[in-house]
Amino acid sequence: MTPLYDNDDMPEMTDKRTDAIRETLMDQVRTENDRRRHTLRRRFTLWGGIGLLVIGGVATAATAIVQAQRVTNSDIVYCFATAQRGADGQFDYAAATLHDPASNQGSVSKPIAVCQDMWHRGALDKNTDQLEPTPSPHAIPAHLQVCVMDDGSPAVVPGRPGICQAIGLAPER
Amino acid sequence: MADEREDAALWLEATTGTDRSFAVLFDRYRARVFRKAYAQLKSTHDAEDVVAMVFLEAWKNRARVRIVDGSMLPWLLSITSYVLLNHTRSSRRWRRLIASLPEPEEHADHADIVLDRLDQSAQLRAVYEAISALASQERTIIDLCVIEELPVATVAAVLDIPVGTVKSKLHRARAKIRRRIPSHLMPGARSEITALLDGAPQ
């Protein structure tokens, strides 16, 4: 496979420039690999840093959301019928309070007991006939947890510990 | 002692950081690349610059390497063809590295004398001029198939296009070149170049 242009009269590459080109190429390979390693290291560091920031941010946000809080508003209790939101994005609940003759205001010192009573009376069962003269007792969920609403009032949610965080409410401290 | 390892093995080593393997490939093919460049540029200095640019381009495009029948040469020749046809652009891209090479030694470049001695060189120059007016891919195909006399299948593999496409483009490019070359450079008697342009079997 000798091309047409090839002939014996052609000069050769000069040794000096050949050596210089070879050295330039080898240097190019070396620096390119060093640069690639450096780029990889820098990229790893950058994305690692971003990853840590994201994880930290998510953890902070999650902590802020689910951090345990105290009940600061005992005027009312929200008894949740389920731990799932309805089609409108709202929880199905019934609110209740007990009259405190001393302060002449509503007061709920034992939110779980109040909601257990609500469950027992069927207030959280849609199928209950509220006009029935002798209402039959309804089942009470085996596990109820006290969560804290944004306004500091208690919400009693059926479910095991951890259900408050799962639905985006703070558990009671 | 010459390194007997295959091109593919050397290239793999080079791309994983063994600069010495790249140097072996350079020494294996630099003479062929140089002669191709020299035939067209007729200057030792410029041809040496082209050799440097070809291997720098090869390294830059290492992810697209094509080793055909165990040889890198067809791919390097296609890069040489590209560098020669885009000499200005390639020179600009590698300006800094080329400038760092030592200045050429002063000596008379006898290229013109040598080439002018040959009738074939005039034909070759005419062919090069006609080639330069072709579309980019046609130029590469005619360069590799006609000037370098590489098999059509090899050229198809290097350019990553079907053999049929190479054949049809080659046929069209040959016709265009024959129309563009002055008739006095294409005498009635069939020379090697006219035979190739007419599509002599490879």
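**Ground rules**

I number residues from 1 along each chain as its sequence is written, and I letter chains from A and number ligands from 1 in the order in which they are written. Since the model is predicted, local features need pLDDT of at least 70 and side-chain atom pairs count only at pLDDT 80 or more, while totals for chains, interfaces and linings use all residues.

**Entry: the two chains**

I began with secondary structure, where helices (H or I, at least four residues) and strands (E, at least two) are DSSP runs numbered from the N terminus. Chain A comes to three helices and seven strands, and from the N terminus on I read its elements as α-β-β-β-β-α-β-β-α-β. Chain B has 12 helices and zero strands.

I then looked up burial, in which a residue is buried if 20 or more other C-beta atoms lie within 10 Å of its own, exposed if 12 or fewer, and partly exposed in between, with C-beta atoms placed from the backbone. In chain A, buried residues make up 16% of the 173 residues, and in chain B 36% of the 202 residues count as buried.

Among contacts between residues at least 6 apart in sequence, 50% in chain A join residues at least 24 apart, and for chain B the figure is 66%.

**Entry: where the chains meet**

The contact takes 23 residues from chain A and 32 residues from chain B. I sorted residues by class, with Ala, Val, Leu, Ile, Met, Phe, Trp, Tyr, Cys and Pro as nonpolar, Asp, Glu, Lys and Arg as charged, and the others, Gly among them, as polar. The side of chain A that touches chain B has 12 nonpolar, five polar and six charged residues.

Axes are lines fitted to C-alpha atoms, for helices over the stretch in contact, and angles run from 0 to 180 degrees between N-to-C directions.

After helix 2 of chain B comes Lys42(B), whose phi is positive, near 60 degrees.

**Entry: around helix 9 of chain B**

The axes of helix 9 (residues 136-147) and helix 11 (residues 163-180) of chain B come within 9 Å and cross at roughly 90 degrees, which makes helix 9 of chain B roughly perpendicular to helix 11 of chain B. Among the residues making this contact are Ile141(B) and Cys145(B) of helix 9 of chain B, and Leu170(B) and Ala173(B) of helix 11 of chain B. The contact has seven nonpolar, one polar and three charged residues.

Helix 9 and helix 10 of chain B pack at an angle of about 140 degrees, with axes 9 Å apart, and that makes helix 9 of chain B oblique to helix 10 of chain B. Here Thr140(B), Ile141(B), Leu144(B) and Cys145(B) in helix 9 of chain B meet Val152(B), Val155(B) and Leu159(B) in helix 10 of chain B. By class, this contact has six nonpolar, one polar and no charged residues.

**Entry: two loop residues**

In the loop between helix 9 and helix 10 (152-159) of chain B I found Glu149(B), which has a positive phi of about 60 degrees although it is not a glycine. Glu149(B) is partly exposed, with 15 other C-beta atoms within 10 Å. Asp160(B) lies in the loop between helix 10 and helix 11 of chain B, and Asp160(B) also has a positive phi of about 60 degrees. With 8 other C-beta atoms within 10 Å, Asp160(B) is exposed.

Note on methods: Parallel < 35°, antiparallel > 145°, perpendicular 65-115°, else oblique. Contact = placed C-beta atoms within 7 Å.
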